[in-house]
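Subject: Structure handover

Hello,

I am passing this structure on to you, with notes on what turned up in it. Please have it open while you read.

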Amino acid sequence: MMGEFEMSDLGLMNYFLGIEVVQSNDGIFLSQKKYVRDLLERFQMKDCNPVSTPVECGMKLHKDIKGKKVDGTLYKQIVGSLMYLTATRPDIQYSVSLISRYMENATELHILAAKRILRYLQGTRDLGIFYKKGEKSNLTGYTDSDYAGDQDDRKSTSGYVFMFGTGAISWSSKKQPIVTLSSTEAEFVAATACACQAIWMRKMLNELLIKQDQPTKIYCDNTSTIKLSKNAVLHGRSKHIDVKYYFLRDLYNDGIVDLGHCKSEDQVADIFTKALNRDTFVKLRTLLGVRSFKNSQI
């Protein structure tokens, strides 16, 4: 490129659009520590007391029609700022997705939930994602759903994450567009969305000359969903599911994805679908590759 364009070599990248990059012999560490510090200062939370999780365990937000209204502009600014932080902090993806559903009519209930995320960041501002050098380059996915978790319209939440080596490279937490009638259907819809993302990820890796020769393994903790993706026989719990979601079965038959079972306690995508207790949250956060730079050197 230097032969074609007038440019200077500034060495290894260490800062880009608010993302701090530390490159070492062990691997690459991505974080937004300075961004978190500026965020806390901007919203007058730099001296707040930290908490161990971004969402209180078991908490369910709702529209809170009778609640006291708050400054909508401030609330949207907090949500928007937190959305950018999810670029290196998948551990807050679910909580940010949750509070973003109430930007039009935010009340004290919602802004307290938003401030809890800021309190969580106060105690974890050093965290980022570490990609260890020399790890296997196989793409692996995890998919999960929280059946009928939304208190207002009873829609489920889909969550997925793709791991590459020691760290997460793609993740999502999103409310499903339809009301599902069973946990199997909710999991099937989530798995289909995950499989679509797998297709795109495989194409991207091929462009980077990291060809995925084997089907991409996607782990799910619902055995009925796995059977449904491989078996053409419909039964009472699945005959009503929209035909478009059976695209997943075609991907399995074509050898592009392969759904496998994992224990619920090892389901990494669980962190993207519901509020968890502290121990479970910290365990899954570590499995995502989210840690401090100091711990990544151990």
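In which order do the strands of the open sheet of five strands stand? The order is S1-S2-S3-S4-S10, and the pairing is antiparallel. Please keep in mind throughout that this is a predicted model.

Overall picture

The protein has nine helices and 10 strands. Its radius of gyration is 20 Å, close to the 19 Å that the globule rule gives for 298 residues, so the protein is as compact as a globular protein of that length. Along the principal axes, the C-alpha atoms fill a box of roughly 60 × 55 × 40 Å. Of the 298 residues, 48% are buried.

- S1 and strand S2 (residues 19–23) run antiparallel and are joined by two bridges. Tyr-15 has Glu-20 in S2 as its bridge partner. The hairpin of S1 and S2 has two residues between the strands, and in it Leu-17 takes a positive phi near 50 degrees.
- S2 and S3 are also antiparallel, with four bridges between them. Here Gln-23 has Ile-28 in S3 as its bridge partner. The hairpin that joins S2 to S3 passes through three residues.
- Strand S3 (residues 27–31) pairs with S4 over five bridges, in the antiparallel sense. Ser-31 stands opposite Gly-128, which belongs to S4.

By type, the lining of the largest pocket has 15 nonpolar residues, four polar and no charged.

The second largest pocket has a volume of about 230 Å³. Its lining is made up of Asn-138, Thr-140, Tyr-142, Met-163, Gly-165, Thr-166, Val-268, Thr-286, Leu-287 and Arg-291. Strand S5 (139–146) and helix H8 (278–287) are the elements that give two or more residues to the lining of the second largest pocket. This lining divides into four nonpolar residues, five polar and one charged.

Salt bridges

Side chains of opposite charge can pair when their charged atoms come close. The structure holds 12 salt bridges.

Glu-108 and Lys-68 meet through their side chains in a salt bridge, at 4.0 Å from N to O. Glu-108 is in helix H4 (residues 108–123), while Lys-68 is in the loop between helix H1 (33–42) and helix H2 (72–85), so the pair ties together parts that are 40 residues apart in sequence. Glu-108 is partly exposed, at a relative accessible area of 39%. Lys-68 is exposed, at 57%.

Lys-175 and Asp-150 form another salt bridge, with their closest N and O atoms 3.5 Å apart. Since Lys-175 lies in S7 and Asp-150 in the loop between S5 and strand S6 (157–164), this pair ties together parts that are 25 residues apart in sequence. How accessible are the two partners, buried or exposed? Lys-175 counts as partly exposed, with 27% relative accessibility. Asp-150 has 3% relative accessibility and counts as buried, because buried means under 20% relative accessible area.

Asp-279 forms a salt bridge with Arg-278, and the closest N and O atoms of that pair are 3.4 Å apart. Asp-279 is exposed, with a relative accessible area of 58%, and Arg-278 is partly exposed, at 48% relative accessibility.

Asp-150 and Lys-175 also belong to a network, in which salt bridges that share partners join them with Arg-101 and Asp-153.

Regards

Note on methods:
Residues numbered from 1 in each chain as written. Predicted model: local features only at pLDDT ≥ 70, side-chain atom pairs only at ≥ 80, totals over all residues. Heavy atoms only, no water. Nonpolar A, V, L, I, M, F, W, Y, C, P; charged D, E, K, R; others polar. 1 Å grid on protein atoms, 1.4 Å probe; cavity = no way out; pocket = protein on both sides within 12 Å on 5 of 7 lines; lining within 4 Å. Points joined across faces, edges and corners; volume = space filled by probe spheres on them. Buried < 20%, exposed > 50% of the residue type's maximum accessible area, 1.4 Å probe, protein only. Pairing = 2+ DSSP bridges. Rg over C-alpha atoms; globule rule 2.2 N^0.38 Å.
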